[in-house]
Amino acid sequence: VTPTAGWTPPAGSGSSWRLRLRLTGQDPDGSRRADVVLLDTAGRVLVSLTDVVYRPVAAPTGNPDRPADPSPTVGATVPAGRRSVSAFAVEETVVEVVRTVLRDPDVTATGSLAATGIDSMLATMVAADLQERLGVTLGPVEVLQASDCRALAAVVASVLPEQAPPTAGGPAASAPGDAPAAAGATADAIRAGTDQPAPTASAVRNQLPAGPDGGDRGDLAVIGIACALPGATDPESFWSLLARGGSGIGPAPAFRWAGGGDGAAIGGFLGPIDEFDARFFDFFAKQAEVLDPQVRWLLRTAWEALESAGIAPLSTPASTGVFVGASYQHYKDYNLAPELDAPSGLGNHNAFLANRVSYFLDLSGPSMTIDTLCSSSLVALHT
């Protein structure tokens, strides 16, 4: 939708017309272009002008010999020896950074960022470049939430520390009378008057009120942990793997893939996935035989996590909720017949993952499996 504005002459002026202005674009120097139509009271077109250029004009200053900054500035008060960063300079820098990261010279201030194909990795790179250029701390979420570069520039301006204005080619040079700029102003830039780094825009926006005990209502307490990862099937072995700089990546085991073993394709493989105590978890032999390994490991690690927390698993409060992040399931594709019977169907669907834990532990609280691909576990935790 292109912005359109209209004006009518003041009452008593003796004029009878209506002016409509339709913005069509903006030039790199801040000038705006528009189509203008002059109408009479009956709506007939009197004059039509296209591609009219409106250039910003600075307000008069106290010193007529000194040119004024033609752009509005961010912040009304400027500390002595410092210049406030103009809004246009911020927008220009944001556009250049996005063009550079996306390698797309056609990016404009008002063009849709979603249409450029930006993803979370590119958004992280944009945030890092803006941090280096402007000293602001942003996350990829702020970049992805911006509809265009102008909206992103507004977010940047809202958390921008006072500093010399950036230039299109990099950090700004000092002008006569300016205080020397601090070298290497990056994410560690310190806000004036404090010794704390500037918070991200999302951190400011998403601050939660304190709880009744003085803590943050968004606080979480991790009281138990269990894991099953390539090269480590418990937290202790995982920590040991990290401490020695080891890796769980290796050749495919012979029991997993035909032709596995030394020289086979490498990957991250869990250990003995067939070591599952079916009777302990109340599965019949037929059920256990066709049960997706994800279910086996989830039940095992859920039990171990409760033990880690010092909670007797079968005495877990009935109102406890179970939230599982899961995506993909290929076990049935390679190990089961196409025609699934009841045990195969119920044992190979991610929708049942959380329910399996709730059923075994006799829990009646919320029980859901969440699949948002790469963010599944994060969304499950948030939920």
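**Aromatic pairs and nonpolar cores**

W303 counts as buried, at 16% relative accessibility. Please bear in mind that we are looking at a predicted model.

Let me turn to the partner of this tryptophan. F280 is partly exposed, its relative accessible area being 38%. In total there are seven aromatic pairs. How are the rings of F280 and W303 arranged? Their centres lie 4.8 Å apart and their planes meet at 80°; since an angle over 60 degrees counts as edge-to-face, the pair is therefore edge-to-face.

Where do these two residues sit? F280 belongs to the loop between β6 (266–268) and α7 (285–289), whereas W303 is part of helix α8 (residues 293–308), so the pair ties together parts that are 23 residues apart in sequence. Both residues also belong to one aromatic cluster, formed by F276, F280, F281, F283, W303 and F360.

I now come to the nonpolar cores. The largest contains 26 residues, and the members that touch the most others are V94, V98, V126, L130, L152 and V156. Which helices each supply at least two residues of this core? They are α1 (87–102), α2 (120–134) and α4 (149–158). Of these, α1 gives the most, with seven residues.

Consider L130 in particular. Leaving aside residues up to four places away in sequence, L130 touches V94, V97, G135, V136, L138, L152 and V156.

Definitions and conventions:
Residues numbered from 1 in each chain as written. Predicted model: local features only at pLDDT ≥ 70, side-chain atom pairs only at ≥ 80, totals over all residues. Heavy atoms only, no water. Core = buried A, V, L, I, M, F, W, Y, C linked by side-chain atoms within 4.5 Å. Buried < 20%, exposed > 50% of the residue type's maximum accessible area, 1.4 Å probe, protein only. Helix = DSSP H or I, 4+ residues; strand = E, 2+ residues; numbered from the N terminus. Contact = heavy atoms within 4.5 Å. Phe/Tyr/Trp six-rings, centres within 6.5 Å; stacked < 30°, edge-to-face > 60°.
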